[in-house]
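Good morning, colleagues. I would ask you to look at the chain on the screen while I go through its helices and its surface.

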Amino acid sequence: MSDATDWLRYVTDRTVTYLTTPAEREARKERKSRREPWLARWFGLMGMQLWWQAKKNQAWLQARKKDKPHAPGS
């Protein structure tokens, strides 16, 4: 009988502890949201630099296409 009582007391204690400490779960979510972008984690600053250059180059190409006519000789 005491084994069942001890087990029930243990389970109850763990459940109450789990329910009364939601701050830990929120802290984990906050830490996860503050992580650096996946590109920087996987490739470091070089990956971020390449992405930035590609984005900058794409904007430059689009601006250049607007300035020049599409058909040659016009």
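Phe43 lies in helix 3, which spans residues 38-67; helices here are DSSP runs of H or I with at least four residues, and strands are runs of E with at least two, numbered from the N terminus. Together with Trp38 and Trp42, Phe43 makes a nonpolar surface patch of about 460 Å². Patch members have over 30% relative accessible area and no salt bridge, with nonpolar side chains joined within 5 Å and like charges within 9 Å. A salt bridge places a side-chain nitrogen of Lys or Arg within 4 Å of a carboxyl oxygen of Asp or Glu. Areas follow the Shrake-Rupley method with a 1.4 Å probe.

This is a predicted model, in which local features need pLDDT of at least 70 and side-chain atom pairs count only at 80 or more, while totals for chains, interfaces and linings use all residues. Residues are numbered from 1 along each chain as its sequence is written, and side-chain values use heavy atoms, without hydrogens and water.

Arg28 belongs to helix 2, residues 23-33. A positive surface patch gathers Arg28 with Arg25, Lys29, Arg31 and Arg34. Arg28 is exposed (over 50% relative accessible area), at 53%.

Conventions:
Lys and Arg count as positive and Asp and Glu as negative; His and the chain ends are not counted. The place of a charge is taken as NZ of Lys, CZ of Arg, CG of Asp or CD of Glu. Buried means under 20% relative accessible area, exposed over 50%, partly exposed in between (1.4 Å probe, protein chains only).
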